[in-house]
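Student: I would like to learn how to read side-chain pairs, cores and sheets in a model. Could we work through a case?

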Amino acid sequence: MATIEDGDKKYSTLLNEIETGQIKIPQFQRQFVWDLGLSARLIDSILKGYPIGTFIYWRTNERLRSVRNVGNIHLPDPKEGEFVNYVLDGQQRITSLFAALKGEIIERENGKKEDYSNIYIDLTANDDESIAIIDIIGKEENSVIKLTDLLFKKALEIYNYYPEEFHENIDRYKGIIQAYQFKGIDLKDAEIDIATEVFTRLNVGGKDLSLFEIMVAKTYDPSRNFDLYDKFQELLEALEPAKYNTISSANMLQFISLLISKECKRKVILRLDKKEFIDKWDDAVKAIKSAVEFFRSYGIPVSKLLPYNTLIVPFAYFFHHHPNNPTGEKLKLLIDFFWRVSIGFRYSSSVESKLVQDIDKIDKILNEEHPRYEWSVDYSSDFIKEKGYFATGRSFIKAILCLYAKHRPKSFDNHLDVNIDNSWLKIATSKNYHHFFPKSYMRKNQPQWESSQVNHIANITIVDDFLNKNKIRAKAPSDYMKVFQTQNEFLNETMETHMINDLETFGIWDDDYTKFFEKRIEAISVELKRYIIPQRSNEPLEYYEDHEYQEENEL
């Protein structure tokens, strides 16, 4: 159980613990931002006997990931087995103190350097004036002394240089600093989740720590060369050629937790054993890569098209237990699972608990058993018509975009594959999302149609950027399609890759949006029906909830 102990330190003790690596700044602290002026004011407060606040330390023998030394000044690591005091509150003050008292040069992230030896003590200052200053213009040379000289030069050397009238102040100011009691509290025997919760509450104006930031700190193990941050970056780099480098760190943590404990709530992840976590990492990475390869081979070429990022978790779980590609009944059941999650708004809320339930379903699929689904799915034309408003963040829309991508869409003008890339699929206004009946054309020529009916997934095709900007623009479908008909001898086959199955019956040559809209929705409905295996019971336990936008990870 965590305990609170007195952490007060004298000047010499504070400096010694910093210099020997016993006081460290944990990775989750923000960068040192105090400038020379603020540091001088802190020294001024000490010289006037003012309280400067309490330092709060997390005292532990754990070793955290890539801990910054105080002020990014290179200092030794503590000895193995020794306690370390990680600063939870007071980083700016303690860094300012060390830099000022030692006269260090601090280099900022932008490369700018500040010399903290340029803090001076004004030996002529009255009590109501600043004693510690940085501006000495107009001051007599022997009326100010550098703080570092005050503390570290021999008294005789100082006395020989400064007039006798200042000797008393020199001794007094040096004595005040050396005798100053720096108030502190030690949080001892606390788990890392408690320490980071204390940090978060103390830093109420800052951003809460993410679970990943905490786990990076907790799982750091130099003896095994394991750095979670670096390992996850390596995974993303490995997935970049496959265009699946947008998977989230939260999903990776959920997956490893499920492998170890069959649970994935935040509090469970925080209590995972470090050794078990590290032991599972390589197997987890291998399973993630297998899941990605499955999605790509199934026709989903980029991660941005996945209806939910979280889908990577149950599929990686499958491939952890089934390294080979599924065939036969397993494959049908796995595809059924994918579409039920994707169009059933499955991970729009309560993701952690639903993942646990769905791992049980994957276990059944591994045994070629039909899972029992407690949510319903609707792929009827009426439902697609009602829920098809085009917004790229919506899971239902992304599911239908997956359908489009599975057909490997060809370019209208030359029947070559359309390049689908994550960077092009972030927003609905991307030039790769083409409204087959352009919105500006519809506003001008068929204003009776509502915006929600025109900006609809049934009116979307995936094309290349050049085609959209330069050849289609705001033209009527009959106009631009007649041009493509002269350029592309495979135009009928091309349009089939866009789920426009018959140019003659889809109303294209007559610019008949009613006919096109109904036919495209029907084609989507028929295609979805192919992948859903009917439930073997009467009715599901509950109907889905309609959430408009993709889930936010709950971790």
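Student: Which side chain does Lys139 meet in a salt bridge?

Tutor: Side chains of opposite charge can pair when their charged atoms come close. This is a predicted model, and in the model Lys139 meets the side chain of Asp122 at 2.8 Å, N to O. The pair links distant parts of the chain, 17 residues apart: Lys139 is in the loop between β9 (132-133) and β10 (144-146), and Asp122 is in strand β8 (residues 120-122).

Student: Is Asp122 buried or exposed?

Tutor: Asp122 is buried, because its relative accessible area is 3%, under the 20% cut-off. Lys139, at 36%, is partly exposed.

Student: How many salt bridges does a search of the whole structure find?

Tutor: The search finds 23. One of these salt bridges joins Glu368 to Lys330 at 3.3 Å, N to O. Glu368 lies in the loop between α15 (351-366) and α16 (381-387), while Lys330 is in helix α14 (residues 328-343), 38 residues apart. Glu368 is partly exposed at 42%, and Lys330 is buried at 15%.

Student: What separates Arg340 and Asp336 in helix α14?

Tutor: About one helical turn, because they are 4 residues apart in that helix. Their side chains meet in a salt bridge of 3.0 Å, N to O, and both residues are buried. Salt bridges can also be read as networks: Arg346, Asp358, Lys361 and Glu374 are linked in one.

Student: Which residues touch the most other members of the largest nonpolar core?

Tutor: In soluble globular proteins, nonpolar side chains tend to be buried together. Here the largest core has 130 residues, and those touching the most other members are Phe295, Phe338, Trp339, Leu401, Phe436 and Met481. Helix α12 (residues 274-297) gives the largest share of this core, 11 residues. A second, separate core has 45 residues, including Tyr11, Leu36, Ile94 and Ala99.

Student: Which residues is Trp339 in contact with, leaving aside its neighbours within four places in sequence?

Tutor: Trp339 is in contact with Tyr298, Gly344, Ala399, Cys402, Leu403, Lys406, Leu528, Tyr531 and Ile532. Two of these names return when rings are considered: Tyr298 and Tyr531 belong with Trp339 to a cluster linked by ring pairs. Phe294, Phe295 and Phe338 are among the other members of that cluster. Lys406 lies over the face of Tyr298, 3.8 Å from the ring centre.

Student: Where does the charged end of Lys188 sit?

Tutor: The charged end of Lys188 sits over the ring of Phe83, 5.6 Å from its centre.

Student: Why is the pair of Tyr480 and Phe484 edge-to-face?

Tutor: The structure holds 40 aromatic pairs. For Tyr480 and Phe484 the ring centres are 5.9 Å apart and the planes stand at 65°, so the pair is edge-to-face. The two residues are 4 apart in helix α21 (residues 477-487), which puts about one helical turn between them. Tyr480 is buried at 1% relative accessibility, and Phe484 is buried with a relative accessible area of 1%.

Student: What is the order of the strands in the open sheet?

Tutor: The 5 strands run in the order β1-β12-β4-β5-β3, with mixed pairing. β1 (3-6) and β3 (23-24) are at the edges with a single partner strand each, so one side of each has no neighbour in the sheet. Strands β4 (residues 55-60) and β5 (residues 84-89) run antiparallel and are joined by 5 bridges. Thr60 has Val84 in β5 as its bridge partner.

Methods:
Residues numbered from 1 in each chain as written. Predicted model: local features only at pLDDT ≥ 70, side-chain atom pairs only at ≥ 80, totals over all residues. Heavy atoms only, no water. Pairing = 2+ DSSP bridges. Salt bridge = Lys/Arg side-chain N within 4 Å of Asp/Glu carboxyl O. Buried < 20%, exposed > 50% of the residue type's maximum accessible area, 1.4 Å probe, protein only. Core = buried A, V, L, I, M, F, W, Y, C linked by side-chain atoms within 4.5 Å. Contact = heavy atoms within 4.5 Å. Phe/Tyr/Trp six-rings, centres within 6.5 Å; stacked < 30°, edge-to-face > 60°. Lys NZ or Arg CZ within 6 Å of the ring centre and 35° of its normal.
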